[in-house]
Amino acid sequence: MFIFSHRRTLTLLDGEYGSVFKGRSLDFDELRAYVPGDEVRDIDWKATARHGSPLVKRYVAVRRHSVLLLVDTGRNMAAEASSGEGKKDIAVHAAGVMGYLACRHGDDVGLLHGNEATSLYVPPRAGEEHLERLLRDIDSQITLESPHGKIAKQLDYVLRYLKGRLLIVVVADEFLPDDHTEAMLRRLRARHEVLWLTIQDAELAPTPGSAAKDSTDVRTAEPIPSRLAMDSKVRAAYATATGERTRRRRDTFRRLGIAEEHTGGSEDVLTAIFTLLEKHRSRAATTAQRGKGGTSAG
Amino acid sequence: MELSYWWILPLTAITVVFAAWLHRRRKPRPTRAVAYGERLTGLPEYQQALRRHRLRLALAVLLGAVFLAATATAAARPTQRSTEQPEIRNRDIVLCLDVSGSMTGTDAAIAGVFQELAKEFDGERIGMVIFDSSSVHVFPLTDDYEYAAEQLKLAKEALDDGAGSFFDGTWNGEGSSLIGDGLASCVQSFPDTDPSGDQGTAKRSRSVVLATDNFLSGEPIFTLDEAVALAATKNVKVHALNPGDVDYGGRTDQPGAQLRAAAERTGGSYYKLDSPEAVPGIVREVQATEATSYRAAPQAIVTDTPAWPLGIALLAGAGMLVLGWRLEP
């Protein structure tokens, strides 16, 4: 199981993804005429004998990808998820699973996280120790005191400063993408491969009779008495509004062709990630392909 | 409006401040942090519910404050201090009834009126003397109104009958309607005035309601004039009711005129009765003149007036109950 790449990598480092570079691997690509400088042991002697002039075997070099974990570490991520756990824990969990999959696959894992004030970038590196450090970063950055999150800032950072093709795994919450963010996403989608994992926000209108605690909005510090939220009229209006919001989010991602999956709690993080990876892989069949489809392994 | 325990109010204020301080120090109730609260708070339905909720809370706070203020005020014991000249009701009244045959109708009416009046008495003393040729104390001056009313009832019944053991002892002397003797007995039934003139004991007003037609027959020991003089020395006012005033002309030796002169000499009044039905009106008139003429020294009266604060507290409490019920989810 690994993060599938639709495109070939452009890097020179080894890995299991299809690469535009030719090199040594088990994947045979072509035979071509020997030119001085080629390794002698690359000469396909049987073909040379048949052909009459030296031919060299070419293989598709196996390269590795850089996986960038793009995590919203604003204050909003310190809030509760729909399961009642902290969204932070779920984010760390999800980023950990993604990072681990990438690590095991031999990919480099980098991190870009931040809020509306700052964006922090940790360049991709291999190794579980590095991943551990990234997860610690995420964990320490998400507090109720940190500035509010704004994923558009991080998207802008990626578009502006990060060169090369990346596999971007975004872990964010149920914000509503505005036009600006959507434009950024479109550009991001064009340059990188984007997987989007949404952590569902807490249900604001609890069912009547449940001993729900009062809520506090992390942005405005406005208290929301659960008693008011239990009012049947308010609940009905909330259900309609939430349905509309979810539909708009889904439409946005569908329009952009970004694989999106949501998770409510840490129990279904694995399921969600699996579904997300599958969705992303199957997008090869549904969306227009640039270049030839990547090789799949795993 | 004064407060007996005014220090309760600052104490309440201190308690309220202390409670507010405790409330501020109290750890806030654990709430869950949520993001994008505008998903809910942006809804007009929620805004409306919130406004309603706020209004109720504000009302509850207001009612609580009113309740606290009202109960604190009630606890501080509001009193009304007024200087008042209370009508003294320490009158002594002796009914002096001539029970000669012609008088019984009037006597019954008087007894009836006083029987009613005795129910309203508070502080007054009433006594009753009947006389014909000799006088009988039916009951002495008493403030046992129940007893007096009972006696007056019996007297009224007997007087309506006009015969019976009630009249026993009124014919022991010679003649009949010995008014001077009768009046003297009535006057004697008041205790002696304190010669030292001590205001405390001598302050009771004294009046005799004398019902007679002043048709004297026989030799009284006291003439009317002597009896009136005796009454004057004892500060007794004589109010005379005469059902049988049949004087001709303005001569002063006629019975009615004599009686009028006698009554007025004591500072009392004289009424000519045309029928027993007029008695109640006259008696009340006498009562009224007595009432207005006696007033005590100005007196500071302190009365508790807890009705207002307690009433407000009750309303506020009821309001809070209703609100509390509405605020429950």
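**View 1. Packing around helix H8 of chain B in the predicted model.** The buried residues of H8(B) pack against helix H6 (179-188), strand S7 (205-211), strand S8 (236-242) and helix H9 (255-265) of chain B. The buried positions in H8(B), which spans residues 224-233, are B:Leu224, B:Ala227, B:Val228 and B:Ala231. They cover an arc of only 100 degrees around the axis, so they sit on the same side of H8(B). The arc is taken over the directions from the helix axis to the C-beta atoms. An α-helix has 3.6 residues a turn, so residues three or four places apart point the same way. Just after H8(B), B:Asn235 has a positive phi of about 55 degrees.

Terms for this and later views: a residue is buried if 20 or more other C-beta atoms lie within 10 Å of its own, exposed if 12 or fewer, and partly exposed in between, with C-beta atoms placed from the backbone. Two residues are in contact if their C-beta atoms, placed from the backbone in the same way, lie within 7 Å. Helices (H or I, at least four residues) and strands (E, at least two) are DSSP runs, numbered from the N terminus. This is a predicted model, in which local features need pLDDT of at least 70 and side-chain atom pairs count only at pLDDT 80 or more, while totals for chains, interfaces and linings use all residues. Residues are numbered from 1 along each chain as its sequence is written, and chains are lettered from A and ligands numbered from 1 in the order in which they are written.

**View 2. A strand hairpin in chain B.** Strands S5(B) and S6(B) form a hairpin with three residues between them. S5(B) covers residues 125-131 and S6(B) residues 135-142; the two run antiparallel and are joined by five bridges. Two strands pair if DSSP finds at least two bridges between them. B:Ile126 has B:Thr142 in S6(B) as its bridge partner.

**View 3. B:Glu150 and its surroundings.** B:Glu150 lies in helix H5 of chain B, residues 145-161. This residue counts as partly exposed because 14 C-beta neighbours fall inside 10 Å. B:Ala118 is 32 residues away from B:Glu150 along the chain, and their C-alpha atoms are separated by 9.8 Å. For the chain as a whole, 11 helices and 10 strands are assigned in chain B, and 33% of its 329 residues count as buried. Of the contacts in chain B with a separation of 6 or more, 84% are between residues 24 or more positions apart.

View 4. H3(A) has 14 residues, 128-141, and reaches 20 Å from its first C-alpha to its last, close to the 20 Å expected at 1.5 Å a residue. The expected span is 1.5 Å times one less than the number of residues in the helix. A:Leu131, A:Leu134, A:Leu135, A:Ile138 and A:Gln141 are buried in H3(A). Their arc around the axis is only 135 degrees, which puts them on the same side of H3(A). These buried residues pack against strand S3 (66-72), helix H2 (87-105), strand S4 (108-114) and strand S5 (119-125) of chain A. On the face turned away from the buried side are the exposed residues A:Glu129, A:Glu132, A:Arg136 and A:Ser140.

View 5. Strands in the order S9(A)-S8(A)-S2(B) make an open sheet of three strands with mixed pairing. S9 of chain A and S2 of chain B are the edge strands, each pairing on one side only. S8(A) runs parallel to S2(B), residues 32-34, and three bridges join them. A:Ser215 stands opposite B:Arg32 in S2(B).

**View 6. The contact between chains A and B.** The contact takes 36 residues from chain A and 19 residues from chain B. On the chain A side, H7(A) supplies the largest share, seven residues. By class, this side of chain A has 19 nonpolar, five polar and 12 charged residues. Ala, Val, Leu, Ile, Met, Phe, Trp, Tyr, Cys and Pro count as nonpolar, Asp, Glu, Lys and Arg as charged, and the others, Gly among them, as polar.

**View 7. Confidence along chain A.** Chain A averages a pLDDT of 83, and 85% of the residues score at least 70. pLDDT is the predictor's confidence in each residue, from 0 to 100. Within chain A, confidence is lowest in strand S1 (residues 14-33), at a mean of 63, and highest in H3(A), at 94.
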